[in-house]
Structures are given as C-alpha cells and as structure tokens.
Amino acid sequence: MDKIIHINIEDRLAVVQPGVIYAELDRALSPHGFFFPPDPASGSVCTLGGNVATNAGGIKGAKYGTTKDYVLTLEVVLPDGRILHTGSKCMKSVSGYDLTRLFVGSEGTIGVITKITFKINPKPPVTSTAMATFETLEDGGQAISEIMYSGIIPSALEFVDQQSLKAINENTDLGLPEVEIMLVAETDGYTKEETEFQMKTIMEIFRKNNATTVKHADESKGGAAALWAARKSAYGVMARINNNLIVEDLAVPMSKVPEMLRFISDLAKKYDLKIPTVGHAGDGNLHPVVSFDGTDPDQVGRVEDASEELFEKVIEMGGTLTGEHGIGLAKMPLCILSMMRSVWIS
Ligand SMILES: Cc1cc2nc3c(=O)[nH]c(=O)nc-3n(C[C@H](O)[C@H](O)[C@H](O)COP(=O)(O)OP(=O)(O)OC[C@H]3O[C@@H](n4cnc5c(N)ncnc54)[C@H](O)[C@@H]3O)c2cc1C
C-alpha cells in the first residue's frame with residue numbers, strides 16, 4: 001500500500017495509497033512545481049495514511065491549513081469488511097454529509113483508509129526569512145498577534161522559548177541570546193518584491209514591539225538556514241537532555257500563547273523539571289517537551305502531576321490537548337473530559 005497511483009496537475013490532485021511516505025509525495029510533486037502543504041516535522045518517515053488518520057499539520061498551518069483541508073476522497077475498509085467510498089474529486093462539493101471529515105483524525109478507530117485523493121498546491125518559488133528576539137514573552141506575544149491580524153499571513157511563524165534557547169546553547173555552538181522568546185518568520189510568494197513586502201511589514205511589527213534583535217536572512221551569512229538553525233535543532237538537542245522525553249502538543253487561542261508559556265515555565269520550576277517549549281506561533285500550537293529520567297519513580301511521579309496540571313490549564317483556557325499529533329492511548333481519558341467541556345447539547 002505504498003504507491004502513488006497518479007498525479008493529475010490539470011485537476012490539481014494526487015491519488016495515493018496510505019503507506020506512501022509524506023516526503024515521497026512531495027518529491028514526486030516537485031518537478032511539476034507543486035507541493036503538498038501540511039508538512040509535518042516527521043515528513044521524512046510518516047505515512048500519508050497516518051497523516052489523514054491524525055489530521056497532521058506543521059509549520060505552514062497558519063497559511064495553508066492542515067491535512068483535513070486537502071483530503072478530497074477516501075476509500076475506507078469498515079470494521080465489518082465493507083468498503084466505503086467518500087467525497088468527490090471536485091474542488092467543491094456539498095452533496096450529502098461530509099463523511100470524509102469524519103475519518104480525518106479518527107486515528108484508525110472507525111475504519112482502515114486504503115486510498116486517498118489529495119488536493120495539491122502550486123509551490124510559491126520565492127521565500128523570505130527573518131528572526132527576532134524579545135526580552136519578554138508579552139512583547140513577543142503582542143508581535144505574534146499583530147502579525148496575524150496585519151493582513152500578512154506568514155507561511156511560517158515559529159517560536160523558541162528561553163528554556164529551549166538555554167538547552168540549545170548548552171549543546172551547540174550557536175550562541176543564541178537567552179531571551180524569553182525568539183520568533184522565526186517566513187513569507188512566500190511568486191516574486192521577490194512580494195515576499196519582501198510581506199517581510200518588511202513583519203519586521204516593522206517586530207521592532208515596534210521592542211525586539212532586541214531583528215535579522216533578515218543574508219545569503220552571504222548562511223541565509224535562511226542560519227536563522228532556522230535554533231528552531232530546527234531544538235528536538236535533537238532536547239533528546240540529549242535526559243533519558244526520556246514526552247513531546248506534548250497543546251493548542252490555545254493565539255492571544256493566549258504568552259500566558260501559556262509563562263504557565264509552563266512556572267510549572268517546570270514548581271515540579272523541578274525541564275520543559276523547554278517550541279511551536280507554531282501562527283496557529284497557537286505549542287510543543288512543551290518534558291524531559292525526565294524514566295527509571296526514577298520520583299521524577300515519573302512529578303511528570304504525571306505536572307502533565308495533569310498542564311492539561312487542566314489548557315482546557316480552562318479554551319485550548320485543546322492536541323493540535324496535530326492526535327489523542328492516542330495516553331490522552332484518551334483526558335480527551336473524554338475535554339470533549340465533555342467542548343461538545344454539549346443544551
Ligand atoms: C519527531 C516527530 C515529529 C513530529 N512532528 C509532527 C508534526 O510536525 N506535525 C504532526 O502533525 N505530527 C507530528 N508528529 C506525529 C506523527 O508523525 C504524525 O501524527 C503522523 O501523521 C503520523 O503518521 P504515521 O505514519 O507515523 O502514523 P502511525 O503512527 O503509524 O499511526 C498514527 C495513527 O493513525 C492510524 N493510522 C495509520 N494509518 C492508517 C490507515 N491507513 N487507516 C486508518 N488509520 C491509520 C494508526 O492506527 C494510529 O492511530 C511527529 C512525530 C515525531 C516522532
């Protein structure tokens with residue numbers, strides 16, 4: 001089940017089997033000038049079936065949405081062995097109930113996906129990248145909000161918190177300023193003028209909100225890759241802090257990102273744990289990474305207590321326990337609690 005069945009540029013769609021690796025589809029689309037936007041960080045290893053089953057997303061979510069925005073049709077084997085076909089290959093269809101959406105994010109609980117038709121996008125050929133640091137979470141948070149209502153939609157707006165910056169400095173020679181928050185923004189488009197116009201607006205917002213450093217990618221100094229180095233090295237560095245780590249996946253309303261980051265920082269102090277946090281500022285999706293020694297029952301107990309407090313806070317803030325990774329077994333009991341607070345009949 002790992003074949004790309006066909007790519008149809010005229011109709012902007014690709015038909016695939018579920019075992020195709022995300023990056024393979026992206027590679028196959030590239031010669032046509034097309035791409036498949038959800039872009040999960042696990043793209044080089046995860047399958048398209050897994051992407052649909054968990055409604056995967058990534059750093060381009062704020063501009064391009066997540067997997068659910070690209071699934072046109074599904075072939076699904078139901079628990080009793082019957083085969084269900086859902087959706088339409090048309091870009092628009094409101095004919096009947098949207099069963100396709102029911103299966104997207106269902107994590108294998110109601111059927112096995114055996115064929116998928118995805119909508120695909122032309123790839124904007126030009127990007128521009130900038131990085132900014134802020135002494136306070138509040139300034140960084142205000143910059144995030146202002147960017148997202150400025151009318152410019154960045155193709156990526158990522159953050160790295162202070163604990164992550166410290167961990168990166170301890171494990172690399174990047175020598176980053178250990179400020180409360182660092183933001184990395186990317187704009188994309190069809191001309192240099194268009195992407196630079198968007199980036200100029202973003203950098204003005206950075207400066208207006210007291211950024212202590214603002215750097216625009218300079219090809220003579222490593223270009224965009226140099227500015228992305230901190231964000232992209234974060235998971236690798238965190239994996240070296242301790243024996244075990246849990247990558248959490250919360251999402252909160254965008255304006256609440258600073259409050260949530262402050263809460264996580266206080267929680268780490270309260271439970272004497274390391275919880276560096278990175279994430280997608282452009283859609284309020286945070287990845288606190290709880291690192292601990294799983295052979296130490298005391299640490300495991302503290303991780304459990306801290307996680308419970310974290311999830312309670314997320315629900316209280318109107319957030320969600322998972323923005324893109326899915327519920328799985330670990331969050332199943334909490335999911336029921338969360339649903340009881342977000343879905344009801346009155
Ligand atoms: C380092 C790392 C980074 C990650 N970054 C991201 C990220 O940026 N964004 C993101 O969204 N996720 C991320 N993830 C989580 C994960 O990679 C994604 O959720 C991915 O979409 C899962 O695909 P998979 O092939 O790994 O699925 P699996 O782990 O094999 O399965 C995931 C779920 O989907 C179900 N499933 C799989 N295939 C089918 C099918 N054909 N029919 C029905 N159900 C099926 C399984 O039963 C299971 O419940 C990351 C994970 C890691 C380890």
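Helix H2 gives the largest share of the shell around the ligand, 5 residues. Helices (H or I, at least four residues) and strands (E, at least two) are DSSP runs, numbered from the N terminus. This is a predicted model: local features need pLDDT of at least 70, side-chain atom pairs count only at pLDDT 80 or more, and totals for chains, interfaces and linings use all residues. Residues are numbered from 1 along each chain as its sequence is written, and side-chain values use heavy atoms, without hydrogens and water.

**Ligand surroundings**

- The ligand has 20 residues around it, and Ala 41, Ser 42, Thr 47, Asn 51 and Gly 57 come nearest. A residue is near a molecule or strand if one of its heavy atoms lies within 4 Å of it.
- The shell holds 8 nonpolar, 10 polar and 2 charged residues. Ala, Val, Leu, Ile, Met, Phe, Trp, Tyr, Cys and Pro count as nonpolar, Asp, Glu, Lys and Arg as charged, and the others, Gly among them, as polar.
- Thr 54 places a polar side-chain atom 3.1 Å from a ligand oxygen atom.
- Gly 57 has a backbone N or O atom 2.7 Å from a ligand nitrogen atom.
- For Ile 113, a backbone N or O atom lies 2.9 Å from a nitrogen atom of the ligand.
- The ligand alone exposes 970 Å², and the protein buries 62% of that (Shrake-Rupley method, 1.4 Å probe).
- Two elements give two or more residues to the shell: helix H2 (48-54) and strand E6 (112-119).

**Helix H7**

- H7 covers residues 192-208, and its end C-alpha atoms are 24 Å apart.
- Buried means under 20% relative accessible area, exposed over 50%, partly exposed in between (1.4 Å probe, protein chains only).
- Just after H7, Asn 210 takes a positive phi of about 65 degrees.

**Other residues**

- His 280 sits in strand E14 (residues 277-280). It is buried, at 5% relative accessible area.
- Beyond four places in sequence, the contacts of His 280 include Arg 231, His 287 and Glu 324 (contact means heavy atoms within 4.5 Å).
- Glu 107 is not a glycine, yet has a positive phi of about 50 degrees. It is partly exposed, at 30% relative accessible area.
- Asp 272 lies in the loop between helix H9 (257-270) and E14. It counts as exposed, at 61% relative accessibility.

Note on methods. A polar contact is a pair of N or O atoms within 3.5 Å; within protein, one must be able to donate a hydrogen and the other to accept it, and residues adjacent in sequence count only if both atoms are side-chain atoms. The expected span of a helix is 1.5 Å times one less than its number of residues.
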